[in-house]
Amino acid sequence: MWQEYKKRFWASQLLIVLAVIVTWQFAQFPWQQIVMIIIAMEIGALLGAAMGAKLKRDVQKSKEDLPLKPD
């Protein structure tokens with residue numbers, strides 16, 4: 001999971017910073033809501049990395065297994 005997260009770390013952080021700037025400057029959200037947005041986006045980045053790692057692992061596993069392997 002950490003390899004997936006590290007691969008896209010700077011891109012996701014840039015997206016989070018841009019979202020915070022937009023909500024702060026244009027939407028005039030209070031700082032409490034901006035903090036909640038940051039937390040939600042960071043959790044989403046971690047969950048996305050975990051999901052990507054699991055998907056990658058499943059694809060690699062399916063390539064190694066026999067197509068008609070009994071369960």
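Is Phe 9 buried, partly exposed or exposed, and what is its relative accessible area? Phe 9 is partly exposed, with a relative accessible area of 26%, where buried means under 20%, exposed over 50% and partly exposed in between, for a 1.4 Å probe and protein chains only. This is a predicted model, in which local features need pLDDT of at least 70 and side-chain atom pairs count only at pLDDT 80 or more, while totals for chains, interfaces and linings use all residues. Residues are numbered from 1 along each chain as its sequence is written, and side-chain values use heavy atoms, with hydrogens and water left out.

**Aromatic pair**
- The count comes to one aromatic pair, formed by Phe 9 and Trp 10, edge-to-face at 4.9 Å centre to centre with 80° between the planes.
- Rings of Phe, Tyr and Trp (its six-membered ring) pair if their centres lie within 6.5 Å, and planes under 30 degrees apart count as stacked, over 60 as edge-to-face and the rest as tilted.
- Trp 10 counts as exposed, at 69% relative accessibility.

**Loop residue Gln 28**
- Gln 28, found in the loop between helix 2 (9-25) and helix 3, has a positive phi near 55° although it is a residue other than glycine.
- Most residues other than glycine have a negative phi.
- Gln 28 is exposed, with a relative accessible area of 57%.

**Helix 3**
- Ile 43 has its place in helix 3 (residues 31-64), helices being DSSP runs of H or I with at least four residues, numbered from the N terminus.
- At 45% relative accessibility, Ile 43 counts as partly exposed.

Terms used:
Helix = DSSP H or I, 4+ residues; strand = E, 2+ residues; numbered from the N terminus.
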